[in-house]
Amino acid sequence: NSRRHVSPRPTVPMAFLLIQTGGTIDKDYPKSVGGYAFEFGEPAVLRIVELGRVSFELICCTVCKKDSQEITSEDRERISKTCIDAKQTKILVTHGTDTMVESAKFVDRAA
């Protein structure tokens with residue numbers, strides 16, 4: 001007696017919304033300039049996902065490209081609005097660690 005599970009509808013890949021705000025994960029340090037000079041490039045998560053075998057859709061949205069110490073209340077408002085307006089239920093925000101807690105509290109209050 002074997003059992004078989006039949007899904008009532010076809011499996012749809014899970015969709016994640018990636019909200020880029022900057023932070024160390026997205027910093028690129030130019031090799032020609034020494035010291036602490038850096039610039040923000042494309043979201044690093046996109047490069048990471050390309051290397052892995054993932055079965056989900058990743059939609060990317062850039063809110064800002066800043067060191068977390070430079071994120072303002074206006075930036076946090078945009079992060080909150082992007083989360084609230086998102087069609088996706090799975091949201092990943094890349095953010096620097098220095099002010100991550102402040103931004104998370106801001107988003108939590110707005111939700």
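A polar contact is a pair of N or O atoms within 3.5 Å; within protein, one atom must be able to donate a hydrogen and the other to accept it, and residues adjacent in sequence count only if both atoms are side-chain atoms. The legends below refer to a predicted model, in which local features need pLDDT of at least 70 and side-chain atom pairs count only at pLDDT 80 or more, while totals for chains, interfaces and linings use all residues. Residues are numbered from 1 along each chain as its sequence is written, and side-chain values use heavy atoms, with hydrogens and water left out.

**Figure 1. Overview of the protein chain.** The secondary structure comprises three helices and five strands, where helices (H or I, at least four residues) and strands (E, at least two) are DSSP runs numbered from the N terminus. Along the sequence, these elements follow the pattern β-β-β-α-β-α-β-α. Of the 111 residues in the protein chain, 30% are buried; buried means under 20% relative accessible area, exposed over 50%, and partly exposed in between (1.4 Å probe, protein chains only). Contact denotes heavy atoms within 4.5 Å. Among contacts between residues at least 6 apart in sequence, 67% join residues at least 24 apart.

Figure 2. D75 belongs to helix α2, which spans residues 73-85. With a relative accessible area of 6%, D75 is buried. Its side chain makes a polar contact of 2.6 Å with the side chain of K66. A polar atom of the D75 side chain also lies 3.0 Å from the backbone nitrogen of T72. Not counting residues up to four places away in sequence, D75 touches V63, C64, K66 and E70.

**Figure 3. V63 in strand β4.** V63 is located in strand β4, and this residue is buried, having a relative accessible area of 6%. Although V63 and T21 are 42 residues apart in sequence, their C-alpha atoms are 5.6 Å apart in space. When neighbours within four places in sequence are left aside, the contacts of V63 are I19, Q20, D75, R78, I79 and T82.

Figure 4. D67 is placed in the loop that runs between β4 (56-66) and α2. The relative accessibility of D67 is 15%, so this residue counts as buried. The D67 side chain reaches the backbone nitrogen of Q69 at 3.0 Å. S68 is also found in the loop between β4 and α2. At 2% relative accessibility, S68 counts as buried. A polar atom of the S68 side chain lies 3.3 Å from the backbone nitrogen of D98. Apart from neighbours within four places in sequence, S68 is in contact with H95, G96, T97, D98 and T99. For S68 and H95, which are 27 residues apart along the chain, the separation of the C-alpha atoms is 6.6 Å.

**Figure 5. T72 in the loop between β4 and α2.** T72 has its place in the loop between β4 and α2. At 30% relative accessibility, T72 counts as partly exposed. The side chain of T72 makes a polar contact with the side chain of E74 at 3.2 Å, and the backbone nitrogen of T72 lies 3.0 Å from a polar atom of the D75 side chain. T72 and S103 are 31 residues apart in sequence, with a C-alpha to C-alpha distance of 9.3 Å.

**Figure 6. Crossing of helices α2 and α3.** The axes of α2 and helix α3 (residues 100-110) come within 9 Å and cross at roughly 50°. These axes are lines fitted to C-alpha atoms, for helices over the stretch in contact, and angles run from 0 to 180 degrees between N-to-C directions. The two helices, α2 and α3, are therefore oblique to each other; angles under 35 degrees count as roughly parallel, over 145 as roughly antiparallel, 65 to 115 as roughly perpendicular and the rest as oblique. The crossing of α2 past α3 is right-handed, a term for a near helix turned clockwise from the far one by less than a right angle, whereas anticlockwise is left-handed. S73, R76, E77, I79, S80, C83 and I84 of α2 make the contact with E102, S103, F106, V107 and A110 of α3. By class, this contact has six nonpolar, three polar and three charged residues. Here Ala, Val, Leu, Ile, Met, Phe, Trp, Tyr, Cys and Pro count as nonpolar, Asp, Glu, Lys and Arg as charged, and the others, Gly among them, as polar.
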